[in-house]
Amino acid sequence: MNVQLPEITAEEQAQLQELYKAFAAAHMTPLWTQIGGLMPVTPQPDAVPMLWRWSTLLPLAERAGELVPVGRGGERRAIALANPGLPGTPYATPTLWAAIQYLGPREEAPAHRHTQTAFRFVVDGEGVWTNVESDPVAMRRGDLLLTPSMHFHEHHNTTDHPMAWIDGLDIPLVRQLDAGFFEFGPDELGTRETPAVSRNERLWAHPGLTPIGAPPPKASPLMAYRWEHTDAALAAQLELEEEGHSGVVEPGHAVVRFTNPATAGDCLSTIRCEMHRLRAGARTAVTRTAGSSVWQVFEGSGLVRVGDERYEVGKGDLFAVPSWAALSLTTETGLDAFRFGDDPVFEALGLSRVHREELPQ
Ligand SMILES: [Fe+2]
């Protein structure tokens, strides 16, 4: 958008240049030279569509496991997915951090807590427990594990084999808001117990049943969303569709959102987490969403279109969807994909927008 200024004389031009110099000296910037960038007609993200292949990430994480110790100071052996449109930052999108974290046999990552909100999603493997506020939470394939803001957390691998998973956090958002606070916990693990079921699940993981005696939670009181539940919920949606009943978001496309059982709102205050299942042969509508997201293929394969990019994706592959980029997925074989996005922030601020293009018949 350009502001059309009337024709001016050379003398007026010189006066204007003096004015701009005076603005600069006074640390002022006129809106009329900036408005196109400050107020675009639609979002103009610096972040670009980007694909990271699991077959690239995992061997590099394994190599880091051989060369880089984990412990106090560095805290975590996590390697962030850096969007090339955000050079100089370790950010997948302007609001989301995504990383592969790798914990070797018998390794321990010490306790800390921070205002940044986090989750782990396990594409494969088991054997690590994440202790959240000293409540040991098993990490297994397909599980979503939460670490809400200011909850102490530590990880320990109880096995003789390594484990990798993805971490998602709101680090870029918290950095932009200058809201970051961080505290170290004890150097020694708070607990070495390895129960199959954590205390928070024993209290909160019963469908539709709220424990009346539990203290009012500040964040989601449930730290683990187990694959068996996610899988069954998605399978049921597709079965109901076959039987002629409602439940899927569009033909052949089942979705569940991970929610806080105390409020039914998003499981995390700043990050939305969902699992999508496309049946074989399905394709989604083309959607544009205000806000950014990162997806990881959990099972199956498909073709993803993000903006002008097309990606053939398979198990473990991750891709970033910048704000307002057109997104669609198709699959011949069937596809399960985990999605996380900054939707709760956009909703809280009244900035949500979704545009859905109807499929050509
Ligand atoms: Fe952390």
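**Reading strands, sheets and helices in a predicted model**

Biologist: How many bridges join strand β3 to strand β10, and in which sense do the two run?

Modeller: In this predicted model, strand β3 (residues 97–103) and strand β10 (residues 163–169) run antiparallel and are joined by 7 bridges.

Biologist: What is the order of the strands in the open sheet?

Modeller: The sheet has 6 strands, and reading across it gives β2-β3-β10-β5-β8-β12, with antiparallel pairing. The strands at the edges are β2 (78–80) and β12; each has a single partner strand, so one side of each lacks a neighbour in the sheet.

Biologist: Which helix packs on the sheet, and which strands does it touch?

Modeller: Helix α3 (residues 54–67) packs there and touches β2, β3 and β10. The direction of α3 makes about 50° with that of β3.

Biologist: Where do the side chains of a regular strand point?

Modeller: In general, they alternate between the two faces of the sheet. Burial is then a separate matter to examine in each strand. Here, strand β21 (residues 335–341) is mostly covered, with 6 of its 7 residues buried.

Biologist: Which strand is joined to β21 by bridges, and how many are there?

Modeller: β14 is joined to β21 by 7 bridges, and the two run antiparallel. Within β21, A337 stands opposite H276. Strand β16 (residues 293–300) also pairs with β21 in the antiparallel sense, over 7 bridges. There, G300 has L335 of β21 as its bridge partner.

Biologist: Which residues of α6 are buried?

Modeller: They are T230, L234 and Q237. Seen down the axis of α6, these buried residues fall within an arc of 55°, so they line one face of the helix. On the other side, E228, A232, A235, E239 and E242 are exposed.

Biologist: What covers the buried residues of α6?

Modeller: The cover includes β12 (224–225), β13 (253–257) and β14 (272–278). After the helix comes G244, whose phi is positive, near 90°.

Biologist: How many residues of α1 are buried?

Modeller: The count is 0 among its 16 residues, and α1 is hardly covered. The span test can be repeated for α1 (residues 10–25): its 16 residues should span 22 Å at 1.5 Å a residue, and its end C-alpha atoms are 23 Å apart, which agrees. H27 follows α1, and its phi is positive, near 55°.

Biologist: Which residues does the annotation "domain: Cupin type-2" cover?

Modeller: According to the UniProt record, an unreviewed entry, that annotation covers residues 101–167. In the model, this span is 61% strand and 0% helix, and its end C-alpha atoms lie 7 Å apart.

Biologist: How many helices and strands does the protein have, and what percentage of its residues count as buried?

Modeller: The protein has 7 helices and 22 strands. Of its 361 residues, 40% count as buried.

Definitions and conventions
Residues numbered from 1 in each chain as written. Predicted model: local features only at pLDDT ≥ 70, side-chain atom pairs only at ≥ 80, totals over all residues. Helix = DSSP H or I, 4+ residues; strand = E, 2+ residues; numbered from the N terminus. Buried ≥ 20, exposed ≤ 12 C-beta atoms within 10 Å, placed from the backbone. Arc of directions from axis to C-beta. Contact = placed C-beta atoms within 7 Å. Pairing = 2+ DSSP bridges. Axes fitted to C-alpha atoms, helices over the stretch in contact; angles between N-to-C directions. UniProt positions renumbered as here; feature names shortened; annotations may be inferred. Expected span 1.5 Å × (residues − 1).
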